Amino acid sequence: MTGLNMMEHPGRTEDQQVRASDHERDRAADRVRVAAADGRIDLAELDTRLTRIYEAKTHADLERVCRDLPEPGRTDLLVVDQQPTSRFALGLFGGFEHEGQWVVPRRFSVVSMFGGGRIDLSEAAFTAHETRIRALALWGGTEIVVPDDIEVKVRGLGLFGLFGKRGTRRGKPGAPRIVISGLAMFGAVVIRTRRQATRGDLTDRPAA
């Protein structure tokens with residue numbers, strides 16, 4: 001950067017010399033991992049860049065490692081290498097609720113019998129690109145909230161009940177996929193979509 005540019009953008013220059021935090025290093029590492037997954041860099045370069053990231057002292061050090069890579073989108077960071085928070089939910093003459101930031105396993109089971117509950121995936125992370133949710137509602141009900149930027153396929157059956165097949169939708173290219181199957185007998189499985197731009201805005205996807 002020339003002396004003139006440094007005078008024109010003093011705030012940026014000062015910011016580049018700020019010490020990097022662990023969180024900022026982790027974000028930079030996510031960025032290069034996504035680039036490797038997209039085929040932008042090979043595994044050898046990934047290893048080199050990760051080493052430089054975790055040795056970085058300042059914002060400028062991190063910028064030099066990542067400057068030629070695009071910023072990952074929200075859906076690029078949804079699949080994580082972490083242990084699932086929970087593997088099933090049971091509402092037996094009672095209720096359940098999973099919401100907020102939690103990690104969903106590759107396969108998740110939901111049973112509502114004379115009870116019900118809510119599974120909110122709008123802030124969740126996933127352990128696989130495709131997550132399968134098996135929902136069984138017997139004289140009970142389950143509400144499943146999904147973000148609007150991932151793919152959803154619904155393959156359940158409503159027998160004297162409702163299973164929200166209209167919840168099927170396309171997501172952004174490369175986004176994780178959720179497959180919801182199961183049975184609603186004298187009960188209901190309802191799929192709702194949460195728009196990521198306005199998290200408080202829920203759009204019902206009633207069962208077919």
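The axis of a helix is taken here as a line fitted to its C-alpha atoms over the stretch in contact, and the angle between two axes runs from 0 to 180 degrees between their N-to-C directions. On this basis, in the predicted model, the axes of α3 and α4 come within 9 Å and cross at roughly 170 degrees. Angles over 145 degrees count as roughly antiparallel, so α3 is roughly antiparallel to α4. On the α3 side, the contact involves R25, D26, A28, A29, V32, R33 and A36, which meet L46, R49, L50, I53 and Y54 of α4. Sorted by class, the residues of this contact are 8 nonpolar, 4 charged and no polar.

Helix α4 covers residues 43-55, and its axis also comes within 9 Å of the axis of α5, with a crossing angle of roughly 170 degrees. The angle therefore makes α4 roughly antiparallel to α5. Here R49, R52 and I53 of α4 meet L62, R64, V65 and C66 of α5. The contact of α4 with α5 consists of 4 nonpolar and 3 charged residues, with no polar ones.

The remaining pairing to be described joins α3 (residues 22-37) and α5 (residues 59-66), whose axes come within 10 Å and cross at roughly 5 degrees. Because of this angle, α3 runs roughly parallel to α5. From α3, the residues E24, R25, A28, R31 and V32 take part in the contact, and from α5, H59, L62 and C66. In the contact of α3 with α5, 4 residues are nonpolar, 1 is polar and 3 are charged.

Side chains of opposite charge can pair when their charged atoms come close. In the model, the count of salt bridges comes to 17.

A nonpolar patch lies on the surface, formed by F88, L90, L92, F93, F114, W139, L157, L159, F160 and F186. Together these residues have about 1100 Å² of accessible area. Strands β1 (88-92) and β10 (157-159) each supply at least two residues of the patch. The most is given by β1, with 3 residues. Another member of the patch, F186, is placed in the loop between β12 (177-185) and β13 (188-194).

Methods:
Residues are numbered from 1 along each chain as its sequence is written. This is a predicted model: local features need pLDDT of at least 70, side-chain atom pairs count only at pLDDT 80 or more; totals for chains, interfaces and linings use all residues. Side-chain values use heavy atoms; hydrogens and water are left out. Helices (H or I, at least four residues) and strands (E, at least two) are DSSP runs, numbered from the N terminus. Angles under 35 degrees count as roughly parallel, over 145 as roughly antiparallel, 65 to 115 as roughly perpendicular and the rest as oblique. Contact means heavy atoms within 4.5 Å. Ala, Val, Leu, Ile, Met, Phe, Trp, Tyr, Cys and Pro count as nonpolar, Asp, Glu, Lys and Arg as charged, and the others, Gly among them, as polar. Patches are made of residues with over 30% relative accessible area and no salt bridge: like charges are joined within 9 Å, nonpolar side chains (Val, Leu, Ile, Met, Phe, Trp, Tyr) within 5 Å. Accessible areas come from the Shrake-Rupley method with a 1.4 Å probe; for residues, only the protein chains shown count as cover. A salt bridge is a side-chain nitrogen of Lys or Arg within 4 Å of a carboxyl oxygen of Asp or Glu.
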